[in-house]
Structures are given as C-alpha cells and as structure tokens.
Amino acid sequence: FPWRSGGCFLYADESHTSVLGLRQFARASKCAFGTLAMNDLPLLAKDPSVAQFIEGDMATKPASKLLAIPGESNFSGLKTDLSCLSELRKEKWRILLDAAKLACSPGALDLKSCCADFTVVSFYKIFGYPTGLGALLVRHDAAPLLQPAEATYFAGGTVLSISARSSFVVPN
C-alpha cells in the first residue's frame, strides 16, 4: 500500500493482531491512524468523526486512505455490514477485508458483490491445516498499489500483548 505522509489508516476495534501490525507502516510514513467500532462502519462515509484516532487526525483530503475491517469478528462473532463498502470506495477509501473467519461459512463471502480491494483468507480456518498459511486476494485495479516492503512479520505469536485502542505493543 502507498503509505504517505498525510494519509489515513483506520481499522475496526475488533481487528486481528496482524491488522494491528499495519500501524507500524502508518506511523513510519507519518499517516494518521485509529479505530472505529464495527457497527459504525456504515456511518464512516458521511461522518468521519466516528473514528477514534490514536495518532494524528484525518486531513481534509488525505493523501491515501486505507480501511481494514474483519468480515466477522474473531472475538465477538459480530459480522460486518459489507453493503456500505461501495459507498466508502466512492469516498476514495481502499478496503482491506479480513475474511479469515467469514470465508469458513459456506456462502458467507460473495466476492462478486464485495468491493474490497484486498481480501485476506486463512487456509487454517478453511481447511484446518496448515497453520500460518493463507492468501491475499487483490482486485485488479488495486494491484499497482502493492509495494515491496522490508521483510517484516507482525501477527499472532510475534507479540506478547497489544491494544487495538492505543499504540501499546509488547513484542515477543
């Protein structure tokens, strides 16, 4: 993703550890970042104040905007209302959908009607084996946004403790 100064990264407060790891790229690029409640997602296109920023705030016209949301929360089982994603795309948001849990339910994930730019699935959750293996599905028009980065890994097992609502992280 083209992390740029003046950009914005938002993620649902029930996001997986690996999504929280993206904050390190936002911080390094001087992007604002913060959280929003999954139930507030339909409000974001019209009211950006539903987001709670941890560092910085959203510029009037951010250089780039990335929103990461789980299709279904690993913590509460709450499912995201994906019908509002097209409205967010009209507002120039790029969408990263964590479909790891959602993809486990037959028929729950319809990529034809879901307009996420990037969709992540877990083979472990779909097939039960192997751990640590998944896939990143990328919309054709979003492929040019992917950029090589330093070899870093931030996910389950690499942190002892982390908070979605602050910058707190204790590496393992």
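**Aromatic pairs, sheet and salt bridges**

Reader: How many aromatic pairs does the structure hold?

Author: The structure holds 4 aromatic pairs. Rings of Phe, Tyr and Trp (its six-membered ring) pair if their centres lie within 6.5 Å; planes under 30 degrees apart are stacked, over 60 edge-to-face, and the rest tilted.

Reader: What makes Phe1 and Trp3 an edge-to-face pair?

Author: The ring centres of Phe1 and Trp3 are 5.2 Å apart, and 70° separates the planes. The distance is within 6.5 Å and the angle is over 60 degrees, so the pair is edge-to-face.

Reader: What is the geometry of the pair formed by Trp3 and Phe9?

Author: Trp3 and Phe9 are also edge-to-face, at 5.5 Å centre to centre and 90° between the planes. Both residues are buried. Ring pairs join Phe1, Trp3, Phe9 and Tyr11 into a cluster.

Reader: On what basis are residues numbered and values computed?

Author: The model is predicted: local features need pLDDT of at least 70 and side-chain atom pairs count only at pLDDT 80 or more, while totals for chains, interfaces and linings use all residues. Residues are numbered from 1 along each chain as its sequence is written, and side-chain values use heavy atoms, leaving out hydrogens and water.

Reader: Which secondary structure elements does the protein chain have?

Author: The protein chain has 4 helices and 9 strands, in the pattern β-α-α-β-β-β-α-β-β-α-β-β-β along the sequence. Helices (H or I, at least four residues) and strands (E, at least two) are DSSP runs numbered from the N terminus.

Reader: Why is the protein chain called as compact as a globular protein of its length?

Author: The radius of gyration is 15 Å, close to the 16 Å that the globule rule gives for 172 residues, so the chain is as compact as a globular protein of that length. The radius is taken over C-alpha atoms, and the rule is 2.2 Å times the number of residues to the power 0.38. Of the 172 residues, 40% count as buried.

Reader: In what order do the strands of the open sheet lie?

Author: The 7 strands of the open sheet follow the order S3-S2-S1-S4-S5-S6-S7, with mixed pairing. Strand S3 (52–55) and strand S7 (134–138) are the edge strands, each pairing on one side only. Two strands pair if DSSP finds at least two bridges between them.

Reader: How do you know that S4 and S5 pair?

Author: S4 and S5 share 5 bridges in the parallel sense; at least two are needed, so they count as paired. Ile69 stands opposite Leu97 in S5. Strand S1 (residues 8–12) is joined to S4 by 4 bridges, again parallel, and Leu10 stands opposite Leu67 in S4. Strand S5 (residues 94–98) and strand S6 (residues 118–122) pair in the parallel sense over 3 bridges, with Phe118 in S6 as the bridge partner of Leu96.

Reader: Why is strand S4 called largely enclosed?

Author: In strand S4 (residues 65–70), 6 of the 6 residues are buried, so the rest of the structure largely encloses this strand. Lys65, Leu67 and Ile69 point one way, and Leu66, Ala68 and Pro70 the other way; all are buried. In general, side chains of a regular strand alternate between the two faces of the sheet.

Reader: What makes Asp117 and Arg89 a salt bridge?

Author: The side chains of Asp117 and Arg89 meet at 2.4 Å, N to O. A salt bridge requires a side-chain nitrogen of Lys or Arg within 4 Å of a carboxyl oxygen of Asp or Glu, so this pair qualifies. Asp117 lies in the loop between S5 and S6 and Arg89 in helix H3, so the pair ties together parts 28 residues apart in sequence. With a relative accessible area of 0%, Asp117 is buried.

Reader: Which residue forms a salt bridge with Arg89 at 3.4 Å?

Author: Asp141 does, 3.4 Å being the distance between the closest N and O atoms. Asp141 is in the loop between S7 and strand S8 (159–162), 52 residues from Arg89. At 38% relative accessibility, Asp141 counts as partly exposed. Salt bridges with shared partners join Arg89, Arg94, Asp117, Arg139 and Asp141 into one network.

Reader: Why is Lys46 called exposed?

Author: Lys46 has a relative accessible area of 70%, which is over 50%, so it counts as exposed. Its salt bridge partner is Glu87, the closest N and O atoms being 3.5 Å apart. Lys46 is in the loop between strand S2 (32–36) and S3, and Glu87 is in helix H3 (residues 85–90), 41 residues apart. Glu87 is partly exposed, at 28%.

Note on methods
Buried < 20%, exposed > 50% of the residue type's maximum accessible area, 1.4 Å probe, protein only.
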